[in-house]
Every structure is written in C-alpha cells, then in structure tokens.
Amino acid sequence: MSYITKPKVSHPKLPRNQLGLTARDYEGTVSTLCAGCGHDSVTSALIQAIFELDIEPHMLAKMSGIGCSSKTPAYFVSQSHGFNSVHGRMPSVTTGANAARADLTYVGVSGDGDSLSIGMGQFAHVIRRNLNMCYIIENNGVYGLTKGQYSASADVGSVAKKGPPNKQMPIDPVSTAIGLGATYIARSFSGDKQQLIPLIKGAISHQGFALIDVISPCVTFNDHEGSTKSYSYTRQNYHHVIDADFVPPAEEIKAEYDEGSAMPVELHDGSKIVFRKVDKDYDPTSRAAAFSYLRSSENAGEIITGLLYIDNETGDMHDLSGSVDQPLAKLPFEELNPGSEKLASLMGRYR
C-alpha cells in the first residue's frame, strides 16, 4: 500500500490550540479509500477532536487490526505512535501497550468484521478489563477489503453482490457492549460531525473503555436490502451493486438533525436509513434503561445515536489491578526485578 504525504502548508490564520498547533498538524497521509467512503468522515472527526483536546501528537497511540477501517490510523496524526496488528488482535496489542505505558492516549480503530467476527473474543475481554482507550468501530456491514462478503453485523435478509441473502442474526456491538459491562457506549453516523466530534472527545477523555459504533456507508458494497448498517433499509427499487473494479466518485454523506428527532438519510444507492438522536433529557447512567431503549428503537426500525451509556465510577484496568502510577516501561530494572528469593516464594504458592 502506497502513502502520499500531504504538503505541510497551512493558512497563517488557522485557529491554534493551547499547544500552538493547527488542525493541519494533526493530519496524516492522503486517504486511499474509495471517494465518498464514510471512513474518511470519521478521520476528519478524529482530527478535529484530538486537535480540540490539545493532545500532544507524541503522546497518542493509534491502534488497528485488518480491514478498510484499519487503514484509518494512517490518515490522522502522523507524528504519533501507531501499531497495525493482525486480524482481530488489536485489543490484546493495545492491552499490552497500555500496561507498559498508561500515560499515553489510546485510540483504536476497527471494523465490524475485525471486531465482531475473528476478534470477538478479544473485543469481549478488552471491555471486561475496562482498558482505558477509545475504541471506534467503523460499521458498514461488509468485508469491504475482500469484495463485500457479509460481516457479523449484516442484517437478516441483506443481499450481497453474489450468493443468497444473509440468514444469520447480526451482532449489535452497542447491545453487546452494554451486556459485557462497557463504561462508555455511544453510536453515531459518519456524516454527522456535529454529533460525532463531541462523542469522540468524550470517549478519549473517559477513564476506562469507551466504545463508539459509527455507521459508516460503503460506496462500493452498500446494496444490502433491509440492512440498518449503512445499506438499504427502506428500498423501493432494486439496484445492482457497483462493480468492484471501478468505483465512481461520490460525495461523503452528511446529515444534521436535532436531539430527539428522527432523520431519514439517503445512501449512495438511493435507499434510506432512519437515525434518531437521543433526547436531551435521556439518562445515560442506567444500563438496563439503555438496553431497553435500544431494543424498542430497533423494533421501530430506527438507529439510535448519541451517548447511550456512561459509568464514571468503575476503575480502569490499572485501578482494578493495583498497578503503580508510574508507567511500567519507565520503572528501573531494580524495581521490576523481585530477586531470586522473592521469585521462589511467589512460585512456591503454585506448588
């Protein structure tokens, strides 16, 4: 995969944050994703959120697995740390990095295939440990990098380019996260930066595991009848999916709507999905109420967006483990080495 570096030229009057940096300083390489891909809108929101949070680039660690979504970290904050892991293993790599350097800010970008299929076990345990990280799922319902096979979030009845309709029940990452005990759970739409940027800022600032499920339209494999994951939801006419060897340029889909209101969004293939933002009076501190609300909205054919649940009382992995405040990677060898007698005593407990 080739990378094209953006020119380091910016307008002298661009706003600067408390570090004296502009939003341009938080950009990465030029995107190689299809024109109009919702993932690029997520990248734009990430750049703006990190810029507004005044995060020093070298104190940010970007993590990813495999898939279209996992290319995203290359497109923002080029002067930060980064690790592109194997398929579905981003949570364990991030856990190890966080264990050694808890002072860094961790942003993981994954996809519905990377997190809900091969990586489902790791996704569950990173929530269980309440790892202090922002975990973004760019959810489009397909494996876009390998020509549009169904992912685990594809709805029953979805129609792919070839083959029979999907008959397997989808995995909803938001409902799953509620059941597994995540302490910050949100859902948004890639084209709604007005909502997405504050949610990302809240997720990064949260002390613990923060999940944002972002419905992100795929311009190439979005012809899935009945899907609520960025494909056809209320279809009137059948359209053949675009051939994979040529993707016509398309505009990124954008939408703005008020709290508590519903908004039908027309996708690239002419189909529509319906988003509803949580009302300003919605209480996100009840796990049971959040789960019930999600179920009722799903039955009504709507995708609920906004901050769905938050828990600021549960400690993160380091609090639960009782680790020291100083990053383990910075501790001197003398403090890390218990000595032969202490080690023998510890091992004796298992004999």
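Is Tyr135 buried or exposed? Tyr135 is buried, with a relative accessible area of 1%. Here, buried means under 20% relative accessible area, exposed means over 50%, and partly exposed is in between, using a 1.4 Å probe and protein chains only.

This is a predicted model, in which local features need pLDDT of at least 70 and side-chain atom pairs count only at pLDDT 80 or more, while totals for chains, interfaces and linings use all residues. Residues are numbered from 1 along each chain as its sequence is written, and side-chain values use heavy atoms, with hydrogens and water left out.

## The chain as a whole

The protein chain has 10 helices and 11 strands. Helices (H or I, at least four residues) and strands (E, at least two) are DSSP runs, numbered from the N terminus. Of the 351 residues, 48% count as buried. Take the contacts between residues at least 6 apart in sequence: 67% of them join residues at least 24 apart. A contact means heavy atoms within 4.5 Å.

## Helix H4 and its cover

Helix H4 spans residues 120–128. Its residues Phe123, Ala124, Val126 and Ile127 are buried. Why do they lie on the same side of H4? They cover an arc of only 165° around the axis, so they share one side of H4. That arc is taken from the directions from the helix axis to the C-beta atoms.

What covers these buried residues? The cover includes helix H2 (90–100), helix H3 (112–116) and helix H5 (173–180). It also includes strand E4 (133–139) and strand E8 (209–215).

## Aromatic pairs

Rings of Phe, Tyr and Trp (its six-membered ring) pair if their centres lie within 6.5 Å. Planes under 30 degrees apart count as stacked, over 60 as edge-to-face, and the rest as tilted. By this rule there are 5 aromatic pairs. The table shows two of them.

| Pair | Centre to centre | Angle between planes | Type |
|---|---|---|---|
| Tyr26 and Phe51 | 6.1 Å | 70° | edge-to-face |
| Tyr135 and Phe209 | 5.5 Å | 50° | tilted |

Tyr135 lies in strand E4 and Phe209 in strand E8, so their pair ties together parts that are 74 residues apart in sequence. Phe209 is buried, at 0% relative accessibility. Ring pairs also link Phe123, Tyr135 and Phe209 into a cluster. Phe123 is one of the buried residues of H4.

Now the pair of Tyr26 and Phe51, which is edge-to-face. Tyr26 lies in the segment before helix H1 (38–52) and Phe51 in helix H1, so this pair ties together parts that are 25 residues apart in sequence. Tyr26 counts as buried at 0% relative accessibility. Phe51 is buried too, with a relative accessible area of 9%.

The charged end of Lys62 sits over the ring of Phe76, 5.2 Å from its centre. For this, NZ of Lys or CZ of Arg must be within 6 Å of the ring centre and within 35 degrees of the ring normal.

## Positive phi angles

Most residues other than glycine have a negative phi. Which value does Val77 have? Its phi is positive, near 45°. Val77 is found in the loop between strand E1 (60–64) and strand E2 (81–84). Val77 is buried, with a relative accessible area of 0%.

Asn130 is not a glycine either, yet its phi is positive, about 55°. Asn130 follows H4 and lies in the loop between H4 and E4. At 3% relative accessibility, Asn130 counts as buried.

## Asn139 in strand E4

Asn139 lies in strand E4. It counts as buried, at 0% relative accessibility. A polar atom of the Asn139 side chain lies 3.5 Å from the backbone nitrogen of Gly141.

A disulfide is a covalent bond between the sulfur atoms of two cysteines. Here the cut-off is a pair of cysteine sulfur atoms within 2.5 Å. How many disulfides does the structure hold? The number is 0. The sulfur of Cys37 is 6.5 Å from the closest cysteine sulfur, in Cys218, which is too far for a bond. Cys37 counts as buried at 9% relative accessibility, and Cys218 counts as buried at 10%.

Technical notes: Polar contact = N/O pair within 3.5 Å; in protein donor to acceptor, adjacent residues only side chain to side chain.
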